Amino acid sequence: MKNMKKLGLVLLGFLTLLFVLPFLISMSTYLEQAEKEVSDVLGAPVGLKKARLSFLPTQHVSVSDVVIGKGPAATAAELIITPTLGTLFSDQRIIDVQLKNVVLKKSALAVYNKLTHQNKKDKAPSPVALRNLSVKHLRLNFSDTKLPVSDVYITLKNNNLDSA
């Protein structure tokens, strides 16, 4: 009975730590570094307003008010990155990405085109592999076309499209 109480207290302490720890970690320094690195990769200015780390119910980083490009070319109300737990300490981490309330303008196609046509021969393998991409409430804001708001779900296997 005493062992069960000790185990219960240890478990309660661990859960409390998982709940409190994200409030003690300042994400602002990581946010500035992430803005710079993503801007370099995309070749367009990137703005990230606020980030939050969470361990419960799953470990993830949530970034609010994402802005890409001038004008801006693309915006997202929220970006959630969830790493696969089994790959956290491996050479290549596998992540799932969820975007919410995304607005893409026609100028975002230039950013996408530049990203997909970068010279891959000179680059080392990416330390991150995307497994699932979920876009909820995607709105294409092209001045000459009216398209309905839609949701997009993409699954990748070995960095190749598996299903969409």
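Does histidine 60 count as buried or exposed, and at what relative accessibility? In this predicted model, histidine 60 has a relative accessibility of 14%. Because buried means under 20% relative accessible area, histidine 60 counts as buried. The residue is found in strand E2, which covers residues 60–68.

Seven strands form an open sheet in the order E1-E2-E3-E4-E5-E6-E7, and their pairing is mixed. At the edges stand strand E1 (46–54) and strand E7 (160–163); each has a single partner strand, so one side of each is left without a neighbour in the sheet. On average, neighbouring strands of this sheet are turned by 25° against each other, direction ignored. Helix H2, comprising residues 28–42, packs on the sheet and touches E1 and E2. The direction of H2 makes about 130° with that of E1.

Strand E3 (residues 74–83) pairs with strand E4 (residues 93–105) in the antiparallel sense, over nine bridges. Within this pair, alanine 76 stands opposite valine 102 in E4. Strand E5 (residues 128–141), by contrast, runs parallel to E4, and 12 bridges join the two. Here isoleucine 94 stands opposite alanine 129 in E5.

Note on methods:
Residues are numbered from 1 along each chain as its sequence is written. This is a predicted model: local features need pLDDT of at least 70, side-chain atom pairs count only at pLDDT 80 or more; totals for chains, interfaces and linings use all residues. Side-chain values use heavy atoms; hydrogens and water are left out. Two strands pair if DSSP finds at least two bridges between them. Helices (H or I, at least four residues) and strands (E, at least two) are DSSP runs, numbered from the N terminus. Buried means under 20% relative accessible area, exposed over 50%, partly exposed in between (1.4 Å probe, protein chains only). Axes are lines fitted to C-alpha atoms, for helices over the stretch in contact, and angles run from 0 to 180 degrees between N-to-C directions. Contact means heavy atoms within 4.5 Å.
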